[in-house]
Amino acid sequence: MSPEGKRLLNIIILGFAFMFMFTAFQTCGNVEQTVIKSFNSSKFHGSGYTSMSVIYGVFSASNLIAPSVVAVIGPQISMFICGLFYSAYIAVFIYPLTWSFYTASVLVGIAAAVLWTAQGNVLTINSTDTTIGRNSGIFWALLQFSLFFGNLYIYFAWHGKAHISEWDTRRVFISLTVISLVGSFLFFLIRRPEPESVAPEGTEALLQADLGDSSSGSTTPLAQGRSAQALDAFKKAVQLSGTKEMLLLSISIAYTGLELTFYSGVYGTCIGAMNQFGDDAKSLIGLSGIFIGMGEILGGGVFGILNTRSRFGRNPVVLLGLLTHFVAFYLIFLNIAADAPIAPEQGTDLQAFMIPSVQVALLCSFLLGLGDSCFNTQLLSIVGFMFPQDSAPAFAVFKFIQSISAAVSFFYSNYLLLHWQLLIMVLTGFLGTLTFFTAERVVTAKRHDSDYDSI
């Protein structure tokens with residue numbers, strides 16, 4: 001197999017590993033608030049929104065040390081260990097206790113920072129300037145298949161059930177735990193790119209920490225080199241967070257955190273709380289997740305695999321994502337009751353501004369997924385393009401900003417009515433799109449200057 005073929009295979013394996021892991025984790029996040037409401041136990045007093053807020057809060061802080069962890073133990077082992085923590089979080093729901101629930105939330109927050117930093121590192125190492133857009137799209141599309149399979153299971157398992165029993169919950173989360181473990185072990189199939197790979201020295205050094213040939217060289221210099229890499233990675237993460245390009249992208253990255261919270265945790269809860277959807281309301285949570293996944297997969301395929309960036313640039317894709325989300329937000333405002341995000345286990349009988357429609361609700365799910373893929377594929381592409389030699393610190397900063405935003409959003413989701421949550425996303429999305437356009441213009445100008453200097 002050619003070196004380019006091996007790099008592409010690594011991207012595909014990476015995508016499948018994340019697909020299995022997040023089939024379990026995203027399905028868990030989509031249904032956990034609804035499941036928690038159904039618990040009738042004096043031993044458990046947790047909140048799905050609060051748990052997710054803890055996860056993303058710890059996630060944001062841990063991003064500052066994640067590049068150092070990846071530099072020391074390498075991305076492959078990092079992703080495997082983190083996958084085990086994800087599996088442990090899901091397994092908590094098999095026999096839920098409040099202390100184990102929130103302890104697992106903290107551990108997953110730490111693991112998530114390391115996992116996504118390692119993922120960005122491996123993605124960049126196995127890409128070039130011409131393939132970063134394609135590879136981002138392939139990875140994103142495979143990742144979003146996770147929304148399809150897990151939620152399809154939820155739809156059939158809970159179809160026609162107005163109340164979720166303890167056995168229903170236990171069976172679902174045992175299955176999800178096993179699926180997550182399968183994804184963790186797939187990371188061992190990733191291999192280091194060929195020496196002629198165009199990956200920059202700084203990023204390849206991180207991969208060598210785990211995938212390199214341990215038979216060459218002495219172990220003492222290697223250990224010292226890893227310590228130096230860890231300190232250097234931390235310093236670079238701090239430096240990159242203050243660069244003009246990253247500051248410009250910070251608002252659009254923050255927006256992806258807000259809408260991540262909404263589509264992955266809040267919107268499904270809203271649908272499940274709508275009594276006017278009938279006894280199938282709970283199973284519609286799974287169907288909503290499927291439609292979100294369809295939108296994500298379509299967006300990842302069209303805007304990543306076809307790599308439209310090379311002809312039209314990233315801006316039109318981001319603008320399409322914004323308009324798609326604005327349409328979805330408006331329809332959700334009309335279709336879903338304002339108190340749905342914070343309704344009790346019995347649900348809500350209130351009506352918004354139209355007769356609640358399942359078809360409109362699922363259309364909005366699709367639009368949420370499509371818009372999210374527009375933003376994320378282009379952000380992955382532009383960050384990988386701007387910082388090819390510092391990919392691990394750059395993606396750590398990316399996830400730091402995104403996770404802070406998601407933590408804040410999950411926190412206020414416990415208290416704010418639906419229309420206020422939608423308004424926050426509209427304002428942030430609009431500002432984020434404007435700043436993304438500016439960042440893209442800066443990157444394009446630098447690329448033209450570089451091309452001119454190389455003549």
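**A note on buried polar residues and cavities**

1. The side chains of asparagine 376 and aspartate 372 are joined by a polar contact of 2.9 Å. Please keep in mind that this is a predicted model. Asparagine 376 belongs to helix H14 (residues 358-386). Is asparagine 376 buried or exposed? Its relative accessible area is 5%, so it counts as buried, the cut-off being under 20%. Leaving aside residues up to four places away in sequence, asparagine 376 touches Trp140, Thr256, Glu259, Phe398 and Gln402.

2. Now to the salt bridge. The count comes to 1: the side chains of arginine 314 and glutamate 440 meet at 2.8 Å, N to O. Arginine 314 sits in the loop between helix H12 (309-312) and helix H13 (315-335), while glutamate 440 is in helix H16 (residues 418-453), so the pair links distant parts of the chain, 126 residues apart. Both arginine 314 and glutamate 440 are buried.

3. How many of 30 Å³ or more does the whole structure hold? The search finds 5. The largest has a volume of about 360 Å³ and a lining of 28 residues, with Phe22, Gln26, Tyr56, Trp116 and Leu260 nearest its centre. Elements giving two or more residues to this lining include helix H1 (3-38), helix H10 (244-273) and H14. The lining comprises 17 nonpolar, 8 polar and 3 charged residues.

4. The second largest cavity has a volume of about 60 Å³. Among the residues lining it are Thr34, Lys37, Lys282 and Glu345. H10 contributes the most to this lining, with 3 residues. By type, the lining of the second largest cavity splits into 2 nonpolar, 4 polar and 3 charged.

Definitions and conventions. Residues are numbered from 1 along each chain as its sequence is written. This is a predicted model: local features need pLDDT of at least 70, side-chain atom pairs count only at pLDDT 80 or more; totals for chains, interfaces and linings use all residues. Side-chain values use heavy atoms; hydrogens and water are left out. A salt bridge is a side-chain nitrogen of Lys or Arg within 4 Å of a carboxyl oxygen of Asp or Glu. Helices (H or I, at least four residues) and strands (E, at least two) are DSSP runs, numbered from the N terminus. Buried means under 20% relative accessible area, exposed over 50%, partly exposed in between (1.4 Å probe, protein chains only). A polar contact is a pair of N or O atoms within 3.5 Å; within protein, one must be able to donate a hydrogen and the other to accept it, and residues adjacent in sequence count only if both atoms are side-chain atoms. Contact means heavy atoms within 4.5 Å. On a 1 Å grid over the protein atoms alone, a cavity is a set of points where a 1.4 Å probe fits but cannot get out, and a pocket is an open set with protein on both sides within 12 Å along at least five of seven lines; lining residues have an atom within 4 Å of a point. Grid points are joined across faces, edges and corners, and a volume is the space filled by probe spheres set on the points. Ala, Val, Leu, Ile, Met, Phe, Trp, Tyr, Cys and Pro count as nonpolar, Asp, Glu, Lys and Arg as charged, and the others, Gly among them, as polar.
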